[in-house]
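Here is a friendly walk through one protein model, from its surface to its core and then on to a few local details. Please keep the structure open beside you as you read.

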Amino acid sequence: MLVDEDLVHHDAHQVEALQELERLRLELLSYKLPPLPKMPTPSTANKSSSNESSSSSSSSSFSGWFGFGQSSGATNRIVEAVSSVLRPAPPRGVYLHGGVGSGKTMLMNLFYDSLIQEPWNTEKQKIHFHKFMSMIHKRMHQARNNNINGHNVSDAVLPAVIAETARQGRLICLDEFQVTDVADALILQRLFTGLWRDQGCIVVATSNRAPSDLYLGGLQRDRFLPFIDLLKESCQEVSLWESTVDYRLIQKVESGEMSSLWFVGTEGQAALDHLFQDELIGPEQSTRSMELTATSGSQRTIPVPIANTARKIARFSFADICKKALGAADYLVIGEHFSTVVVDRIPTLTLNELNWVRRFILLIDALYESNVKLILHCDEAKQASDIFVVENKAEVAANHDEVFAFDRTISRLQEMSSRSYLHRKWTGRSKARQKKGNEY
């Protein structure tokens, strides 16, 4: 229906993800949600612990053998443990991961909004992962303060927080699942073991990282690895990395939030900086400089000053990409590695800068061939035809092919900012794979 009404566009990778989400939706509707286990608190946990120690010495061996003489705290835990074993396993959740703008959040929102039947209309919660973890730490702090004079607080606090979290809704939808903080990493296994196995929660998550890449390079990551196994066991993994359309960028242009992919002057530079870091890269992501191998078997490299390989985004200044000795083959390699390219500080060009003009023409041709999304910032030019200024064009063109060639560049730049071009799939990855295959 949404496709028929032209509200969304058909995407085979999104369809695969929707099928998995629909599987979960149907399983949830047929799943009988059991009552929540009794909510523990730090104070009751400590009280039961002291009761157990005082009653253990007075319990007879006979009653202890059959369990009649056990404390109420121990008995409750035995009952809850047995109940958790006998309780039907909840449906397996879904973990969606893919690049920026691949539609992960939209798909999760569609799934979340579709659950209007009881009990799921009230047994669901949707929250950004970092806000979720901030809330967990806040609840742990409050639980400690509530039991400041107790004993064994660390053992009792997290179960109480887990139970309180489950009471907000046992379907937990987490957007932008990403682990960067060691404090988060070290409690995730206990936290989600409690949510999944003790409370019967179901998790749907979106992420820019595959499960095996979470907290990559983090401190004490070996202690985090069991959580990855638990995540894979509890959630069906769905990859959207092969989706090569940046829907977020398209939406910004089509909604009018961005008037175009063209920025001018000092104000335009500031707006582009904001778009690049906060929207295209994301506040939790970082960039780095890197080098690409120019061609197969070559020792020459192509420097990329700013890149995020996970999101397939690169940023160059005009000086980096057109004033240096780069050629068509180099630009093709860039187009094969990055689905979005930003070029800023483009000066107004004249016949005195013909070498720069030639390279700019080659760059646009190469990026166009791979359907790369191009974002430009110019010092002065407000449109493509203003980048290369030639007086007496008709006379000059006879001796300079670049003048005619730049007409094609103008046409391509206009097309590359169009709605139809933005909806094209980036083909760089498939071309890179084809090249690699041809090497053998």
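## Surface and overall make-up

The protein exposes about 22,100 Å², and carbon and sulfur atoms supply 52% of that area. Accessible areas here come from the Shrake-Rupley method with a 1.4 Å probe, and for residues only the protein chains shown count as cover. Of the 440 residues, 47% count as buried. Buried means under 20% relative accessible area, exposed means over 50%, and partly exposed lies in between (1.4 Å probe, protein chains only).

Before going further, please note that this is a predicted model, in which local features need pLDDT of at least 70 and side-chain atom pairs count only at pLDDT 80 or more, while totals for chains, interfaces and linings use all residues. Residues are numbered from 1 along each chain as its sequence is written, and side-chain values use heavy atoms, with hydrogens and water left out.

The secondary structure comes to 18 helices and 11 strands; these are DSSP runs numbered from the N terminus, helices being H or I of at least four residues and strands E of at least two. Contact means heavy atoms within 4.5 Å. Among contacts between residues at least 6 apart in sequence, 80% join residues at least 24 apart.

In soluble globular proteins, nonpolar side chains tend to be buried together. A nonpolar core is taken here as a set of buried Ala, Val, Leu, Ile, Met, Phe, Trp, Tyr and Cys residues joined through side-chain atoms within 4.5 Å. The largest such core has 48 residues, and I334, F360 and I387 have the most contacts inside it. Helix α14 (residues 354–369) gives the largest share of this core, with 9 residues.

Which residues does I387 touch, leaving aside those up to four places away in sequence? Its partners are W262, I346, P347, T348, L349, F360, C378, A381, F406 and L413. A second, separate core has 35 residues, including M133, I136, I187 and W196.

## An enclosed strand

Strand β1 (residues 93–97) is largely enclosed by the rest of the structure, because 5 of its 5 residues are buried. Both of its faces are covered: G93, Y95 and H97 are buried on one side, and V94 and L96 on the other.

Two strands pair if DSSP finds at least two bridges between them. Strand β1 runs parallel to strand β5 (residues 235–239), with 5 bridges joining them; the partner of Y95 in β5 is E237.

## Aromatic pairs and charges over rings

Rings of Phe, Tyr and Trp (its six-membered ring) pair if their centres lie within 6.5 Å; planes under 30 degrees apart count as stacked, over 60 as edge-to-face and the rest as tilted. By this rule there are 16 aromatic pairs. F177 and F192 form a tilted one, 6.3 Å centre to centre with 50° between the planes. F177 sits in the loop between β3 (171–175) and α8 (182–198), while F192 is in helix α8, 15 residues apart. F177 is buried at 1% relative accessibility, and F192 is buried at 0%.

F360 and F406 form a stacked pair, 6.2 Å centre to centre with 25° between the planes. F360 lies in helix α14 and F406 in helix α16 (residues 401–416), so the pair ties together parts 46 residues apart in sequence. Both F360 and F406 are buried. Elsewhere, Y95, F129, F132, F177, F192, W196, Y215, F224 and F227 form one aromatic cluster.

A charge sits over a ring if NZ of Lys or CZ of Arg is within 6 Å of the ring centre and within 35 degrees of the ring normal. The charged end of K124 sits over the ring of Y112, 4.3 Å from its centre, and that of R315 sits over the ring of F276, 5.1 Å from its centre.

## Backbone details

Most residues other than glycine have a negative phi, and most peptide bonds are trans. The peptide bond from E118 to P119 is cis, with omega near 0°, and P119 is placed in the loop between α5 (104–114) and β2 (124–128).

Q220 has a positive phi, near 55°, and is found in the loop between β4 and α9 (225–234). Phi of R345 is also positive, near 55°; this residue is in strand β10 (residues 340–346). Q220 is partly exposed at 41% relative accessible area, and R345 is partly exposed at 48%.
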